[in-house]
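Here are my notes for you on the charged side chains. Have a look at the model first, then read along.

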Amino acid sequence: MVHAASEDEPTPFVRDVLMPGGPGHVPRIAPAACRFRLRIAASSVHRWGVFAAEDIPARRRVIEYTGQRIGLREAWRRRLRPQLYLFRCSARRLIDGGIGGSGAEFINHGCTPNLVARFDHRRVFLSSLRAIAAGEELLLDYQVRGDIEPIPCACGAPACRGYLNAPG
Ligand SMILES: [Zn+2]
């Protein structure tokens with residue numbers, strides 16, 4: 001029997017289709033998207049993290065956040081995935097780093113980040129807020145917005161606000 005799911009009804013098979021690599025997939029950095037040498041390693045914050053493999057000066061583009069460009073409705077469908085790599089560019093547009101991601105999608109949230117997202121036309125670059133020493137984990141303040149349950153933070157910073165969600 002063919003079941004035509006309505007547009008708004010998430011379908012369970014989405015999870016399989018959209019999990020690139022599957023279990024055991026080792027995340028990777030795309031060198032072409034980076035201005036500095038970076039590496040992916042296990043993180044004390046969450047699963048994998050991205051680390052500087054060389055010193056990075058302040059206010060420099062470090063890596064481009066790439067991926068599939070999608071709208072809100074598609075993002076809503078993909079929320080079933082066990083790991084989400086969505087970067088919100090505007091009220092209606094997102095980049096899904098789970099597909100065609102540069103590796104920037106593995107950068108963890110930190111309440112005291114060392115990176116900030118800068119937009120250049122439709123592209124997103126993560127730039128250093130301060131000098132970052134080789135070996136430091138790269139962190140971005142996700143500032144999760146919208147009608148989303150509070151997501152607890154484990155960044156461990158003294159100024160940790162406890163949640164990934166934007167304050168106020
Ligand atoms: Zn935190």
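Which residues are linked in a network of salt bridges? They are Glu74, Arg77, Arg78 and Asp96. A salt bridge here is a side-chain nitrogen of Lys or Arg within 4 Å of a carboxyl oxygen of Asp or Glu.

1. Before you go on, keep in mind that this is a predicted model, where local features need pLDDT of at least 70, side-chain atom pairs count only at pLDDT 80 or more, and totals for chains, interfaces and linings use all residues. Residues are numbered from 1 along each chain as its sequence is written, and side-chain values use heavy atoms, with hydrogens and water left out.

2. Now zoom in on one pair from that network. Glutamate 74 and arginine 78 form a salt bridge, at 2.8 Å from N to O. They sit four residues apart in helix α2, so about one helical turn separates them. (Helices are DSSP runs of H or I with at least four residues, strands are runs of E with at least two, and both are numbered from the N terminus.) Arginine 78 has a relative accessible area of 5%, so it is buried; buried means under 20%, exposed over 50%, and partly exposed in between, using a 1.4 Å probe and protein chains only.

3. The structure holds seven salt bridges. In one of them, aspartate 120 meets arginine 61 at 2.8 Å, N to O. Aspartate 120 belongs to strand β8 (residues 115–120) and arginine 61 to strand β3 (residues 61–65), so this pair ties together parts 59 residues apart in sequence. Both partners are partly exposed: aspartate 120 has 27% relative accessible area, and arginine 61 has 30%.

4. Another bridge joins the side chains of arginine 130 and glutamate 136, with 2.9 Å from N to O. Arginine 130 comes out as partly exposed at 37% relative accessibility, and glutamate 136 is partly exposed too, at 24%.

5. Is arginine 81 buried or exposed? With 4% relative accessibility, arginine 81 counts as buried, and you'll find it in the loop between α2 (72–78) and β5 (86–88). Arginine 92, in the loop between β5 and β6 (93–96), counts as exposed because its relative accessibility is 59%.

6. One last thing to check on arginine 81: its C-alpha atom is 9.9 Å from that of glycine 98, and the two residues are 17 apart along the chain.
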